[in-house]
Amino acid sequence: MDPVLIGEILAALMFFGVIGFLLLGFPVAFTLAGVSLLFGSVGIAYGVFDPSNFGSLPNRYIGFMTNEVLVAVPLFIFMGVMLERSQIAEQLLLTMGKLFGNMRGGLGISVVLVGAMLAASTGVVGATVVTMGLISLPAMLRAGYNPKLATGVICASGTLGQIIPPSTVLIFMGDMLSGINSQVQMAKGNFAPTPVSVGDLFAGALLPGMLLVSLYLAFVLFKAVTDPSSCPATPVPAEEKGGLLREVLVALVPPLLLILAVLGSILGGIATPTEAASVGAVGAMVLAALRWRLSFTILRETMISTATITSMVFVILLGASVFSVVFRMMGGDNLVHEFLSNLPGGTMAAVAVVMLIMFFLGFILDTFEIIFIVIPITAPVLLALDVDPVWLGVIVGVNLQTSFLTPPFGFALFYLRGVAPAELPTSAIYKGILPFVMLQVVAIAILFAFPEIVTWLPRLIAG
């Protein structure tokens with residue numbers, strides 16, 4: 001049998017083998033590395049994989065550890081965890097609930113708006129969902145909200161941190177697409193390609209993030225008009241209205257100033273994402289100190305949480321590097337290139353197929369796992385087909401936001417289930433997220449039809 005064909009068959013079997021072992025419950029990072037080493041050994045036996053290719057792994061790992069862009073990841077995670085410990089989210093939720101309580105759907109609107117603000121200032125999905133689940137869910141259920149609407153709004157709003165900057169997913173995506181785009185352009189003869197930066201993806205994701213927020217708000221308002229009993233008003237007592245303006249200013253101004261300092265410095269070209277992340281980390285500690293919430297205990301807990309989350313992500317990245325080396329060197333990238341390039345419908349059909357694969361992988365894999373596996377395999381092909389790298393990165397980010405919502409392994413569902421009242425059935429949580437998953441599909445369709453929503457702001461900033 002042709003060695004090239006044997007290599008491609010082994011590469012395809014390896015991909016499905018990884019998915020199979022993950023479904024059996026094996027740890028992601030070790031599954032990626034272990035299955036890849038197993039198939040690499042088979043490839044060596046058949047003469048279709050050179051073991052010297054593993055020699056590139058140490059340089060890759062050193063590259064990850066010395067990559068200045070990726071330093072922003074633990075800094076943004078630290079900022080998010082510190083803000084969660086400083087109880088800014090609680091104050092925001094309670095204040096916005098009072099502000100919109102007099103209108104039908106007001107609590108749902110406040111949850112969406114607070115979710116967007118927390119996404120722009122923390123980006124930590126787990127902390128956001130848990131916080132809103134602890135504070136808003138009991139209030140919404142007491143007010144007579146439909147449990148499905150209440151849980152769906154909280155889960156969907158809590159995942160906005162995956163697409164609204166500063167998103168750690170976009171940081172990894174920007175770093176990966178930057179290298180892949182340079183290689184693709186040089187292969188096409190363009191030795192001075194336009195660089196792709198994390199800042200470009202942050203700018204490109206801003207309007208799509210607002211689009212999702214608008215869709216969520218529109219759905220809550222639609223339910224308020226068509227089914228008023230599902231989201232009744234919660235009038236604020238007269239004695240609490242007097243100081244409401246002051247409460248709103250105290251709750252809104254600090255996180256807005258932090259958002260302006262972090263995102264404004266990145267989008268304005270004043271600071272790199274890593275520099276802005278360090279400003280955000282210090283700013284989060286300042287806000288915690290102003291609220292008398294900064295102590296050695298809280299700082300220690302924040303640092304442990306940051307180290308745990310960061311280590312988890314980077315260990316997955318190291319395992320994915322082994323997978324990428326074996327898959328590519330056995331001819332898997334050629335197999336993917338032939339498949340996507342020959343699809344009827346051209347470039348957009350190829351992108352649509354990749355988006356569909358990622359959407360279904362979101363049912364069983366986490367966001368980081370998907371991008372570390374799929375992006376190195378498919379992005380070179382799509383960029384070679386002249387897909388805009390910023391548009392690709394953002395639309396992948398919007399797509400992968402659903403991985404937090406889709407059962408059976410939607411982490412936002414698990415987070416909310418962990419803090420929801422025992423009498424609330426799990427089926428209500430699963431049913432509640434369905435409309436919001438559909439809204440995200442609608443958002444992806446809009447971005448397909450109007451790519452300028454993504455590309456306009458980065459081009460404007462670039463001049």
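Analyst: **A loop and its surroundings**

Asp386 is exposed, with a relative accessible area of 60% (exposed means over 50%, buried under 20% and partly exposed in between, using a 1.4 Å probe on protein chains only). Before we go on, keep in mind that this is a predicted model, with local features needing pLDDT of at least 70 and side-chain atom pairs counting only at pLDDT 80 or more, while totals for chains, interfaces and linings use all residues. Residues are numbered from 1 along each chain as its sequence is written, and side-chain values use heavy atoms, with hydrogens and water left out.

So who does Asp386 pair with? Its side chain meets that of Lys188 in a salt bridge, at 2.5 Å from N to O (the rule is a side-chain nitrogen of Lys or Arg within 4 Å of a carboxyl oxygen of Asp or Glu). Lys188 sits in the loop between H9 and helix H10 (198–226), and Asp386 in the loop between H17 and helix H18 (389–400), so this pair ties together parts that are 198 residues apart in sequence. Those helix names come from DSSP: runs of H or I with at least four residues, numbered from the N terminus. Lys188 is partly exposed, with a relative accessible area of 41%.

Stay in the loop and you'll meet Asp388. The side chain of Asp388 joins that of Arg459 in another salt bridge, with 3.8 Å from N to O. Here too, distant parts of the chain are linked: Asp388 is in the loop between H17 and H18, Arg459 is in helix H21, and 71 residues separate them. Asp388 is partly exposed at 26% relative accessible area, whereas Arg459 counts as exposed at 54%.

Helix H21 spans residues 452–462 and also holds Thr455. Thr455 is buried, with a relative accessible area of 8%. Leaving out residues up to four places away in sequence, Thr455 touches Asp388 and Trp391 (a contact means heavy atoms within 4.5 Å). Put together, Asp388 has a salt bridge to Arg459 and a contact with Thr455.

How many salt bridges are there in the whole structure? There are four. One of the others is between Asp333 and Arg328, whose closest N and O atoms are 3.8 Å apart. Asp333 is partly exposed at 24% relative accessibility, and so is Arg328, at 35%.

A pocket here is an open set of points on a 1 Å grid over the protein atoms alone, where a 1.4 Å probe fits and protein lies on both sides within 12 Å along at least five of seven lines; lining residues have an atom within 4 Å of a point.

The largest pocket has a volume of about 690 Å³, a volume being the space filled by probe spheres set on the points. It is lined by 32 residues, and those closest to its centre are Met312, Asp366, Phe368, Phe411 and Tyr415. H14 gives the most to that lining, with five residues.

The second largest pocket comes in at about 480 Å³. Of its 19 lining residues, Arg60, Phe64, Met176, Ile180 and Pro376 lie nearest the centre. H9 is the top contributor to this lining, with six residues.

The structure holds 15 aromatic pairs, where rings of Phe, Tyr and Trp (its six-membered ring) pair if their centres lie within 6.5 Å; planes under 30 degrees apart count as stacked, over 60 as edge-to-face and the rest as tilted. The rings of Phe15 and Phe16 have centres 5.5 Å apart and planes at 85 degrees, so they are edge-to-face. Phe359 and Phe363 are also edge-to-face, because their planes are at 80 degrees, with centres 5.5 Å apart. Phe359 counts as buried at 16% relative accessibility, while Phe363 is partly exposed at 25%. Finally, ring pairs link Phe172, Phe314, Phe368 and Phe372 into a cluster, and Phe368 is one of the residues closest to the centre of the largest pocket.

Note on methods:
Helices (H or I, at least four residues) and strands (E, at least two) are DSSP runs, numbered from the N terminus.
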